[in-house]
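Some labels attached to a structure deserve a check against their cut-offs.

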Amino acid sequence: MSRETPLVSETMARLLAGKGEETLDQWAATIARARELLQTGETVPELPLPETSYPWEATERRLNAPRRIWCASGEDHVTGAGLCAYFASGFARDEDEFRRRIALEFGRELANRAQLAEGSAAVSFADFFLSPSLRSALEAFERGEGAPATMVFFARYAENRS
């Protein structure tokens, strides 16, 4: 595809069309303003960094602590009548390190709200997301049997009923 040929996303076009004329007008106005910014050469400021951080974002790494298996779960509402359930498992030396790790996938707000537990299945949704073979592997890792240098497992279930 050449640079002159615009990329058209059929999925996005159908989604926007389904939202109606008002949504199309809002997107058109946003795109028109973006073109103005490009033409005038106005600098577009980067999004500001959060002014405050969560305590787990600022703690020092504990490199001398042993690695353990940690699990995390959380949920978030989506547009309409929807829900997303999140689950993660992996190695970390403490709760703060694991929150920092899952924040890359879950986002920092959900990582802050997530339920965390040391071990292979002590959080919500563990029974839903962990297959018997993955649960067995995590339990073996906890016992120190065949643990890899690093490991992380992320899962997300999303539904919308509207």
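Predicted model: local features only at pLDDT ≥ 70, side-chain atom pairs only at ≥ 80, totals over all residues.

Reader: Why is Cys 71 called buried?

Author: Its relative accessibility is 0%, and buried means under 20%, so Cys 71 counts as buried. Cys 84, at 3%, is buried as well. A search of the whole structure finds zero disulfides.

Reader: What makes the contact between Asp 94 and Arg 62 a salt bridge?

Author: The closest N and O atoms of Asp 94 and Arg 62 are 3.6 Å apart. The limit is 4 Å between a side-chain nitrogen of Lys or Arg and a carboxyl oxygen of Asp or Glu, so the pair qualifies. Asp 94 sits in the loop between β2 and α4, and Arg 62 in the loop between α3 and β1, 32 residues apart.

Reader: Is Arg 62 buried, exposed or partly exposed, and why?

Author: Arg 62 has a relative accessible area of 43%. That value lies between the 20% and 50% cut-offs, so Arg 62 is partly exposed.

Reader: Why is the pair of Glu 118 and Arg 68 said to tie together separate parts of the sequence?

Author: Their side chains meet in a salt bridge at 3.2 Å, N to O. Glu 118 lies in strand β3 and Arg 68 in strand β1, so the pair ties together parts that are 50 residues apart in sequence.

Reader: Why is Asp 127 called exposed?

Author: Exposed means over 50%, and Asp 127 has 66% relative accessibility, so the label holds. Asp 127 forms a salt bridge with Arg 135 (2.9 Å, N to O), and Arg 135, at 18%, counts as buried.

Technical notes: Residues numbered from 1 in each chain as written. Heavy atoms only, no water. Disulfide = S-S within 2.5 Å. Buried < 20%, exposed > 50% of the residue type's maximum accessible area, 1.4 Å probe, protein only. Helix = DSSP H or I, 4+ residues; strand = E, 2+ residues; numbered from the N terminus.
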